[in-house]
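Please read the following account alongside the sequence and the coordinates.

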Amino acid sequence: MDLEHHLRYMRMATKLAKYALDHDETPVACIFVHTPTDQVVAYGMNDTNRSLTGIAHAEFMGIAQIQAKFGPLNTEIFRNITLYVTVEPCIMCASALKQLGIQKVVFGCGNERFGGNGSILRIHQDSSTAPENSHISVPGLLRKEAIMLLRYFYVRENERSPKPRAKANRKLDLETFPPMDWSIYLSKDGFTSLFGESLLEYYDKKLDLSEKLDWDLIDKNQDLFFQDLQNKCEQFSLQAAKKPKSQPVS
Amino acid sequence: MVKKKQNPYHINYKEGIVENCLLQIRNTGCCDDPRVKNVWTVDIRARDSQQFIEFIRLNIQSNDPVSFQHIKRIKKGEESGVLTVIVCSKLLIEEQDDFLLLMKDAPFEYYNANDHSAVPTAAPSTKELSLKWSALYWPLVWRGNPNDQIMNDYVFDMAFIRNTLTTLSKVSLDQAEKNASDPPVVSAFVSPNGRRVIYSTDSRCSTSPLDHSIMQGIRSVAASEHERQAKNCDQAEETYLCLNFDVYTTHEPCSMCSMALIHSRIKRCIFLQPMRNTGALESQSGDKYCMHNNHALNSKYEVFRWLGSEYPVPEVNSDICC
């Protein structure tokens, strides 16, 4: 696995989550990459506030973009799609991704309340949800950045709340992080096959792959990045439309 | 809360069946798991126990995610005249600093504040188990099987349920006849006051593979609320997500849909046909998720399966996620 390659897209997902935070949504975001051409094809941010549903999660927004481009009934395309998402997909999203037959899911921090790729349930490898499909799940990339964005969000929500909570979330902790327990998501063998033997120390010591948090990613304004991202996704659809024969849409 | 004897419904508590036709669906696999959690305890003088109880009532009870109804908050301490008392769960207060801050306001003296005691957060289902856990962890109160009380508190409008299931069955049979591709899975979303019923059908082969009837129903409820807001009318009909809705569906929902119902904050789900391979609610279905009654997920809703054959539904391939 090319770690730097995955980190490049995780940085984009993280920037998008910061963009979401700056625009009054939950700082959870995702990027869908077409693996064979190595290009961004879609993105997603939570849309639960505007949509008035509890199911408009970032993943569903990105899936809708892909369906708009390749046809809503086309599931073939998902076999070539890798999802990069700042927070582990919830059980509903993990199930949706599996039913579509997605190739791979890479995420930042775990979802301790609703996680469907290992934290609560292991939908991505189960036998009751479209068992003909299963996807590779890569946890823990830019985990600290994802956690910090959520902390920014909760502190702000608490400040705005008419009845602020007196406990844990009242102060912003910029220093400490819970240990990265890889074993929730991966066996030792699974970790080795993804990251290589040289990084096993991180598994054993429950460490993040990067000790430093990239503050630029989560503190800078990302409005320009967002424009650029939209352009990238639009360009992809133009390219796909130019060569319909070489890329049949069934 | 009515007394068992005065309950208007016929309830078979042992089997979990109401009126001989609604089977309560719950996680049978974890009933005897105490789910032990640590709590903050302090020692107080026996004569301060009234103040302690008042302090808990005012400052703690409504905020603590752990219910101590089946637990004796107060037990005898090691010395005479001293009581060891549970203040709150560690889920409510994690750090010692925060705990001591809370105790600053306590109108009584206390000693030996610590988080070493672990108590069962689940209530035991039998008296034997209650005695066992009392000896093992912390003294418990035995008030009967807690599920009996849950069963006893349910409220049903049997005529309404039968009506809705009649329509559900009819729409489902119609779908099977006129639409060869989409599976004939149908759901009904009933608003909390029961005045609005929104029916939704599965359209995975015509609109999107993820457009199961429950996902479609959730979006229809939102569309209806958008419409109401646009017209700015009828404040009494305002809805938030699907909060306190009852959802009726022909086939047991899959992992995606059963979780979507948690996100949507529904109150109850009643279904007709179990899906043994793909279902995510029954203890015997699929990977035994019992999504609505899974203790790792702190949200929940009531689930019942209709027993009996009054409301037939077309068969759906057993590998299909509904």
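On one side of α5(B), the residues A159(B), N163(B), T166(B), E177(B) and K178(B) are exposed, that is, each has 12 or fewer other C-beta atoms within 10 Å of its own, whereas 20 or more make a residue buried and counts in between make it partly exposed, with C-beta atoms placed from the backbone. The model is a predicted one, in which local features require pLDDT of at least 70 and side-chain atom pairs count only at pLDDT 80 or more, while totals for chains, interfaces and linings use all residues. Residues are numbered from 1 along each chain as its sequence is written, and chains are lettered from A and ligands numbered from 1 in the order in which they are written. Helices (H or I, at least four residues) and strands (E, at least two) are DSSP runs, numbered from the N terminus.

Helix α5 of chain B comprises residues 158-178, 21 residues in total. From its first C-alpha to its last it reaches 30 Å, close to the 30 Å expected at 1.5 Å a residue; the expected span is 1.5 Å times one less than the number of residues. Its buried residues are I161(B), T164(B), L165(B), L168(B), V171(B), S172(B) and Q175(B). Seen down the axis of α5(B), these buried residues fall within an arc of 130 degrees, so they line one face of the helix; the arc is that of the directions from the helix axis to the C-beta atoms. An α-helix has 3.6 residues a turn, so residues three or four places apart point the same way.

What covers this buried set? The cover includes the strands β9 (186-190), β10 (197-201), β11 (246-251), β12 (268-273) and β13 (302-306) of chain B, where contact requires C-beta atoms, placed from the backbone, within 7 Å. In chain B, eight strands form an open sheet of mixed pairing, in the order β1-β2-β3-β13-β12-β11-β9-β10; two strands pair if DSSP finds at least two bridges between them. At the edges stand β1 (11-12) and β10 of chain B, each with a single partner strand, so one side of each is left without a neighbour in the sheet. Within the sheet, β12(B) and β13(B) pair in the parallel sense over four bridges, and R268(B) has E302(B) in β13(B) as its bridge partner.

Chain B is divided into domain 1 (36-121) and domain 2 (157-306), with bounds from an automatic or database domain assignment. The C-alpha centres of these two domains of chain B lie 42 Å apart.

The contact between the chains takes 27 residues from chain A and 31 residues from chain B. On the side of chain A that touches chain B, helix α4 (residues 91-100) of chain A gives the most, with six residues. By class, that side of chain A has 15 nonpolar, 10 polar and two charged residues; Ala, Val, Leu, Ile, Met, Phe, Trp, Tyr, Cys and Pro count as nonpolar, Asp, Glu, Lys and Arg as charged, and the others, Gly among them, as polar.

Two residues of chain A deserve a look for their backbone angles. D24(A), in the loop between α1 (3-22) and β1 (29-34) of chain A, has a positive phi of about 65 degrees although it is not a glycine. D24(A) counts as exposed because it has 8 C-beta neighbours inside 10 Å. L142(A), in the loop between β5 (136-138) and α5 of chain A, is also not a glycine and has a positive phi near 55 degrees. L142(A) counts as buried because it has 29 C-beta neighbours inside 10 Å.

How values were computed: Two residues are in contact if their C-beta atoms, placed from the backbone, lie within 7 Å.
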